[in-house]
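Hello,

Here is the structure you are taking over. My notes on what was found follow below it.

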Amino acid sequence: MFNIVDFLPVGEENAVTMIELANMLNCSKREARALIYEARCKGAVICSSPDSAKGGYFLPKNNDEVRRFIMFAEHRINSTKEATRSAKKFLKNGGFS
């Protein structure tokens, strides 16, 4: 079995998209995403970037890239919490009934 970390470039400027990664691994995007999740759960620091010009997955080359990833991930967590909160409130208030 291979280690997905071996397929990831170092540095945000070299990030690979999910499609590129899946093609490199000869698997589906879903399977590649699962491999990233598994590696992260085992302690790998795999960053992702939302930037459309260089967005994708990469290994950090310095602490600043790790910090930017943390800020990006925490922002997504907070946005998801807000979206979930409003949906729960909608259902609590009767939803579409």
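Cys41 is exposed, because its relative accessible area is 54% (exposed means over 50% relative accessible area, buried under 20%, and partly exposed in between, with a 1.4 Å probe and protein chains only). Cys41 lies in helix α2. Helices here are DSSP runs of H or I with at least four residues, strands are runs of E with at least two, and both are numbered from the N terminus. From Cys41 to Glu82 there are 41 residues in sequence and 25 Å in space, C-alpha to C-alpha.

Some ground rules. This is a predicted model, in which local features need pLDDT of at least 70 and side-chain atom pairs count only at pLDDT 80 or more, while totals for chains, interfaces and linings use all residues. Residues are numbered from 1 along each chain as its sequence is written, and side-chain values use heavy atoms, with hydrogens and water left out.

On confidence: pLDDT is the predictor's confidence in each residue, from 0 to 100. The protein has a mean pLDDT of 94. Of its residues, 96% reach 70 or more. Helix α2 (residues 29–41) has the highest confidence, at 97. Strand β1 (residues 47–49) has the lowest, at a mean of 94.

Next, the largest pocket. Its volume is about 250 Å³. A pocket is found on a 1 Å grid over the protein atoms alone: it is an open set of points with protein on both sides within 12 Å along at least five of seven lines, where a 1.4 Å probe fits, and lining residues have an atom within 4 Å of a point. Grid points are joined across faces, edges and corners, and the volume is the space filled by probe spheres set on the points.

The largest pocket is lined by 13 residues. Closest to its centre are Arg40, Ser48, Tyr57, Phe72 and Arg76. At least two lining residues come from each of α2, β1, β2 (56–58) and α3 (63–92). Which element gives the most to the lining? That is α3, with five residues. By class, seven lining residues are nonpolar, three polar and three charged. (Ala, Val, Leu, Ile, Met, Phe, Trp, Tyr, Cys and Pro count as nonpolar; Asp, Glu, Lys and Arg as charged; the others, Gly among them, as polar.)

Ser48 sits in strand β1. Its relative accessibility is 13%, so Ser48 counts as buried. Beyond four places in sequence, Ser48 is in contact (heavy atoms within 4.5 Å) with Arg40, Gly56, Tyr57, Phe58, Phe69 and Phe72.

Gly56 comes next. Gly56 belongs to strand β2. Gly56 counts as buried because its relative accessibility is 8%. Leaving out residues up to four places away in sequence, Gly56 touches Ala15, Val16, Thr17, Cys47, Ser48 and Ser49. Gly56 and Val16 are 40 residues apart along the chain, yet 4.8 Å separates their C-alpha atoms.

Ala22 is in helix α1. Is Ala22 buried or exposed? Ala22 is buried, because its relative accessible area is 4%. Apart from neighbours within four places in sequence, Ala22 is in contact with Cys27, Ser28, Lys29 and Ala32. Arg33 is eleven residues from Ala22 in sequence and 8.6 Å away in space, C-alpha to C-alpha.

With 71% relative accessibility, Asn26 counts as exposed. Asn26 is not a glycine, but has a positive phi of about 55 degrees. Most residues other than glycine have a negative phi.

Last, the aromatic rings. How many aromatic pairs does a search of the whole structure find? The search finds one. The partners are Phe90 and Phe96, in an edge-to-face pair with 4.9 Å centre to centre and 70 degrees between the planes. (Rings of Phe, Tyr and Trp, the last by its six-membered ring, pair if their centres lie within 6.5 Å; planes under 30 degrees apart count as stacked, over 60 as edge-to-face and the rest as tilted.) Phe90 counts as partly exposed, because its relative accessibility is 38%. Phe96 counts as exposed, at 83% relative accessibility.

Arg68 is in helix α3 and is partly exposed, with a relative accessible area of 43%.

Best wishes
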